Amino acid sequence: MGGVLTVKESNPAGYALFLKARYLGRLGTPEGWTQSVGLYQQALAIEPDYAAAWSGLSGSYISQTNKSYLPPLKGYAMARDAASRALIINPDFATAHAQLGLIADYHDRNPAAAAGHLQRALALDPSNPDILL
């Protein structure tokens, strides 16, 4: 499935960084998001084709932007770029589609585009709690 996270057999160090970044980002604090961004970037330096890390980075940028820790134009542009990179690597990565849907809704004010991305995310991974949220 597009959004299911699995152990990275090719690089355990990148996966460990990903897990720590994910945990810190989910704390919902400015410090947690900042640290998660750095850890996702470290994971991507090790493994540039890690779709889940690109998607996680996008999510951290969205959170920072939504809470006004990043300016909207810059924050959503970085989030869009990261989610798009995840989809270049894996066009069926559900959480990246969901993130593009959020950006289309929150920033672009384009409900049709948002619905398209969110419907695609749900079709790919209908039981993913992050997408359902």
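**Figure 1. Aromatic pairs in the predicted model.** The structure holds 4 aromatic pairs, and, as with every view here, it comes from a predicted model. Start with Tyr15 and Phe18, whose rings are stacked, with 6.2 Å from centre to centre and 20 degrees between the planes. Both residues belong to helix α1, which covers residues 12–25, and they sit 3 residues apart, or about one turn of the helix. Tyr15 has a relative accessible area of 16% and is therefore buried, the cut-off being under 20%. Phe18 is also buried, with a relative accessible area of 2%.

**Figure 2. Phe18 pairs with Tyr50.** Stay with Phe18 and look at its pairing with Tyr50: this pair is tilted, with 40 degrees between the planes and 5.5 Å centre to centre. Phe18 lies in helix α1, whereas Tyr50 is in the loop between α2 (30–46) and α3, so the pair ties together parts that are 32 residues apart in sequence. Phe18 and Tyr50 are both buried.

**Figure 3. Helix α3 packs against α4.** Here the two axes come within 8 Å and cross at roughly 165 degrees. The angle is over 145 degrees, so α3 is roughly antiparallel to α4. The crossing of α3 past α4 is left-handed. From α3, the residues in contact are Ala51, Trp54, Ser55, Leu57, Ser58, Tyr61, Ile62, Thr65 and Asn66. On the α4 side you will find Pro72, Gly75, Tyr76, Met78, Ala79, Ala82, Ala83, Arg85, Ala86 and Ile89. Sorted by class, the contact of α3 with α4 has 13 nonpolar, 5 polar and 1 charged residues.

**Figure 4. Helix α3 also packs against α5.** The axes of α3 and α5 are 9 Å apart, and the packing angle is about 25 degrees. This angle is under 35 degrees, which means that α3 runs roughly parallel to α5. Again the view shows a left-handed crossing, with α3 passing α5. Ser55, Ser58, Gly59, Ile62 and Asn66 are the α3 residues to look for, and they meet Thr95, Ala96, Gln99, Ile103 and Tyr106 of α5. The residues of this contact of α3 with α5 divide into 4 nonpolar, 6 polar and no charged.

**Figure 5. A closer look at Ser58.** Ser58 is a residue of helix α3. Its relative accessibility is 0%, so Ser58 counts as buried. Leaving aside residues up to four places away in sequence, Ser58 touches Ala79, Ala82, Ala83 and Gln99. Ala79, Ala82 and Ala83 are among the α4 residues in the contact with α3, while Gln99 is one of the α5 residues that α3 meets.

Figure 6. To finish, here are two loop residues. Ser68 is found in the loop between α3 (51–66) and α4 (72–89). Its phi is near 65 degrees, a positive value in a residue other than glycine. Ser68 has a relative accessibility of 63% and so counts as exposed, the cut-off being over 50%. Arg109 lies in the loop between α5 (94–106) and α6 (111–124). Although Arg109 is not a glycine, it has a positive phi of about 55 degrees. Arg109 is exposed too, with a relative accessible area of 64%.

Technical notes. Residues are numbered from 1 along each chain as its sequence is written. This is a predicted model: local features need pLDDT of at least 70, side-chain atom pairs count only at pLDDT 80 or more; totals for chains, interfaces and linings use all residues. Side-chain values use heavy atoms; hydrogens and water are left out. Helices (H or I, at least four residues) and strands (E, at least two) are DSSP runs, numbered from the N terminus. Buried means under 20% relative accessible area, exposed over 50%, partly exposed in between (1.4 Å probe, protein chains only). Axes are lines fitted to C-alpha atoms, for helices over the stretch in contact, and angles run from 0 to 180 degrees between N-to-C directions. Angles under 35 degrees count as roughly parallel, over 145 as roughly antiparallel, 65 to 115 as roughly perpendicular and the rest as oblique. A crossing is left-handed if the near helix is turned anticlockwise from the far one by less than a right angle, and right-handed if clockwise. Contact means heavy atoms within 4.5 Å. Ala, Val, Leu, Ile, Met, Phe, Trp, Tyr, Cys and Pro count as nonpolar, Asp, Glu, Lys and Arg as charged, and the others, Gly among them, as polar. Rings of Phe, Tyr and Trp (its six-membered ring) pair if their centres lie within 6.5 Å; planes under 30 degrees apart count as stacked, over 60 as edge-to-face and the rest as tilted.
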